[in-house]
Amino acid sequence: VQVYDHVQGDLTNLAKACMLNVAMLQARPPKDGVDFAHKLLGGDYSVDGSEAAKVELRDILKGSLAKTKDKLRRTETKETGCITEASKEDIEQIVQLYAQAKGELKTISERFGADYA
């Protein structure tokens with residue numbers, strides 16, 4: 001009750017003074033010092049550590065997105081004209097290569113100059 005009265009019911013200062021999450025206080029604001037004491041001791045303002053971290057991360061991300069949103073600008077998507085479907089011949093060559101390599105991915109990756117790892 002004394003802490004509540006000392007900060008004159010200001011939720012931000014109350015959260016700082018009691019090391020609480022201000023969002024939890026704002027979600028269930030106390031009516032007065034006695035109500036705050038009942039809710040605090042009743043666990044209304046307690047969260048498990050991972051939940052508190054999630055809430056804090058969401059708040060940070062929302063703020064970052066709001067700041068970044070103004071810096072974004074609309075662009076046109078450019079299509080490169082690349083082949084999106086494999087031809088029958090392509091598939092036959094891949095099947096043949098796979099058979100020759102006996103399914104060994106390392107051999108196949110070496111054939112194409114790709115990193116096996």
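D35 is located in helix α4. In this predicted model, D35 has a relative accessible area of 17%. Buried means under 20%, so D35 counts as buried. Setting aside residues within four places in sequence, D35 is in contact with P29 and P30.

The side chain of D35 also takes part in a salt bridge with K39, with an N to O distance of 3.2 Å. Both K39 and D35 belong to helix α4, where they are 4 residues apart, about one turn of the helix.

How many salt bridges are found in the whole structure? The search finds 2. One of them is the pair of K39 and D35 described above. Another joins R28 to D44, with the closest N and O atoms 2.8 Å apart. R28 lies in the loop between α3 (22-27) and α4 (33-41), and D44 lies in the loop between α4 and α5, so this pair ties together parts that are 16 residues apart in sequence.

## The nonpolar core

Which residues make up the largest nonpolar core? This core has 9 residues: Y4, V7, L11, L14, A15, L20, L25, F36 and Y45. Helix α2 (residues 11-18) gives the largest share of the core, 3 residues.

V7 is one of the core residues. When residues up to four places away in sequence are not counted, V7 touches N13 and L14. L14 is itself listed in the core.

## V3 and helix α1

V3 is placed in helix α1. V3 is partly exposed, with a relative accessible area of 34%. Apart from its neighbours within four places in sequence, V3 is in contact with L14, A17 and C18. L14, a contact of V3, is also touched by V7.

How far apart are the C-alpha atoms of V3 and N13? They are separated by 9.6 Å, and the two residues are 10 residues apart along the chain.

## Two loop residues with positive phi

Q8 is not a glycine, yet it has a positive phi of about 55°. Q8 sits in the loop between α1 (2-6) and α2. With a relative accessible area of 73%, Q8 is exposed.

M19 likewise has a positive phi of about 55° although it is not a glycine. M19 is found in the loop between α2 and α3. M19 is exposed, with a relative accessible area of 77%.

## A nonpolar surface patch and its surroundings

Which residues make the nonpolar surface patch of about 370 Å²? The patch is made by Y98, L105 and Y116. Y98 lies in helix α6, which covers residues 88-100. Y98 is partly exposed, with a relative accessible area of 47%.

S109 is found in helix α7 (residues 105-112). With a relative accessible area of 10%, S109 is buried. Leaving aside neighbours within four places in sequence, S109 is in contact with A114 and Y116.

## Confidence in the model

How confident is the predictor in this protein? The average pLDDT is 85, and 93% of the residues score at least 70. Helix α5 (residues 49-69) has the lowest confidence, with a mean of 81, while α2 has the highest, at 92. Where pLDDT is low, the predicted coordinates should not be read in detail.

Conventions:
Residues are numbered from 1 along each chain as its sequence is written. This is a predicted model: local features need pLDDT of at least 70, side-chain atom pairs count only at pLDDT 80 or more; totals for chains, interfaces and linings use all residues. Side-chain values use heavy atoms; hydrogens and water are left out. Patches are made of residues with over 30% relative accessible area and no salt bridge: like charges are joined within 9 Å, nonpolar side chains (Val, Leu, Ile, Met, Phe, Trp, Tyr) within 5 Å. Accessible areas come from the Shrake-Rupley method with a 1.4 Å probe; for residues, only the protein chains shown count as cover. A salt bridge is a side-chain nitrogen of Lys or Arg within 4 Å of a carboxyl oxygen of Asp or Glu. Buried means under 20% relative accessible area, exposed over 50%, partly exposed in between (1.4 Å probe, protein chains only). Contact means heavy atoms within 4.5 Å. A nonpolar core is a set of buried Ala, Val, Leu, Ile, Met, Phe, Trp, Tyr and Cys residues joined through side-chain atoms within 4.5 Å. pLDDT is the predictor's confidence in each residue, from 0 to 100.
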